[in-house]
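Reader: Hi! Could you walk me through this model before I set anything up?
Author: Happy to. Here it comes.

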Amino acid sequence: MTLDTMIIILFSYLFLSSSLIYTQNLNQELLEPWIDLKYPGIVLFLIGISGDFYHHFLLSKLRTKGSKDYKVPKRGLFELVICPHYLVEILGFLGISLISQTLYSFSTTLGTALYLMARSYAAKRWYISKFEDFPKEVNALIPCVF
């Protein structure tokens, strides 16, 4: 990943986090939701964040020091989908949405999911174009669906 892309993503997450916290602060005076989804949200968030860490760890181990060649990831959920780190990131955002239960957090999750779906589809097309033996039946983001 190039430095300029990393900076854009970093600031996007910083902005999203700050605005989610600010929105939550603005909603303090509103009535509590009918159904408390805080605990399922915490579980989803923890699954998402730990899965994201695990799959990024696997990606970091693919290249040896100084190597520039690309390799197809094989472990974790990479057997089922091209971008499992995107899938679990969406789960983390969904967990945040369930915890906060605001329209803004659900909108953020939807926007993030759509963006990562497009990125995973592009990644699948790239893998298929670069690796002749890449299995075409592996889905982009959601096992057995997309």
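**The core and the helices**

Author: The largest nonpolar core holds 13 residues, and those with the most contacts inside it are Ile82, Cys83, Tyr86, Ile90, Tyr127, Phe134 and Leu141. Here a nonpolar core is a set of buried Ala, Val, Leu, Ile, Met, Phe, Trp, Tyr and Cys residues joined through side-chain atoms within 4.5 Å. Buried means under 20% relative accessible area, exposed is over 50%, and partly exposed is in between (1.4 Å probe, protein chains only).

Reader: Before we go on, what should I know about the model and the numbering?
Author: This is a predicted model, where local features need pLDDT of at least 70 and side-chain atom pairs count only at pLDDT 80 or more, while totals for chains, interfaces and linings use all residues. Residues are numbered from 1 along each chain as its sequence is written, and side-chain values use heavy atoms, with hydrogens and water left out.

Reader: What does Tyr127 touch?
Author: Leaving out residues up to four places away in sequence, Tyr127 touches Lys71, Val72, Pro73, Ile82 and Phe134. Contact means heavy atoms within 4.5 Å.

Reader: Now α3. How many of its residues are buried?
Author: 13 of the 17 residues of α3 are buried, so this helix is largely enclosed by the rest of the structure. From first C-alpha to last, α3 reaches 25 Å, close to the 24 Å expected at 1.5 Å a residue. The expected span is 1.5 Å times one less than the number of residues.

Reader: And His85, buried or exposed?
Author: His85 is buried, with a relative accessible area of 9%. It sits in helix α3 and touches Asp52, His55, His56, Leu59 and Phe78, not counting residues up to four places away in sequence.

Reader: A couple of those numbers fall in α2, I think. What can you say about that helix?
Author: Helix α2 covers residues 38-60. Its 23 residues reach 32 Å from first C-alpha to last, close to the 33 Å expected. The buried residues of α2 are Gly41, Leu44, Gly48, Gly51, Asp52, His55 and Leu58, and they pack against α3.

Reader: How do α3 and α4 pack?
Author: They pack at an angle of about 175°, with their axes 9 Å apart. Axes are lines fitted to C-alpha atoms, for helices over the stretch in contact, and angles run from 0 to 180 degrees between N-to-C directions. The two are therefore roughly antiparallel to each other; angles under 35 degrees count as roughly parallel, over 145 as roughly antiparallel, 65 to 115 as roughly perpendicular and the rest as oblique.

Reader: What sits in the loop between α3 and α4?
Author: Gln101 is found there. It has a positive phi of about 50° although it is not a glycine. At 22% relative accessibility, Gln101 counts as partly exposed.

Reader: Nice. What about α1 against α4, which residues make that contact?
Author: On the α1 side they are Phe15, Leu16, Ser19, Leu20 and Thr23, and on the α4 side Tyr104, Ser105, Thr108 and Thr112. The helices pack at an angle of about 160°, with axes 10 Å apart, which makes α1 roughly antiparallel to α4. The buried residues of α1 are Leu16, Ser19, Leu20 and Thr23, and what covers them includes α3 and α4.

Reader: Last topic: where does UniProt place the feature "transmembrane region"?
Author: The unreviewed entry places it at residues 39-57, 77-96 and 102-122. Feature names there are shortened, positions are in the numbering used here, and annotations may be inferred rather than shown by experiment. In the model, residues 39-57 are 100% helix and 0% strand, whereas residues 77-96 are 65% helix and 0% strand.

Definitions and conventions
Helix = DSSP H or I, 4+ residues; strand = E, 2+ residues; numbered from the N terminus.
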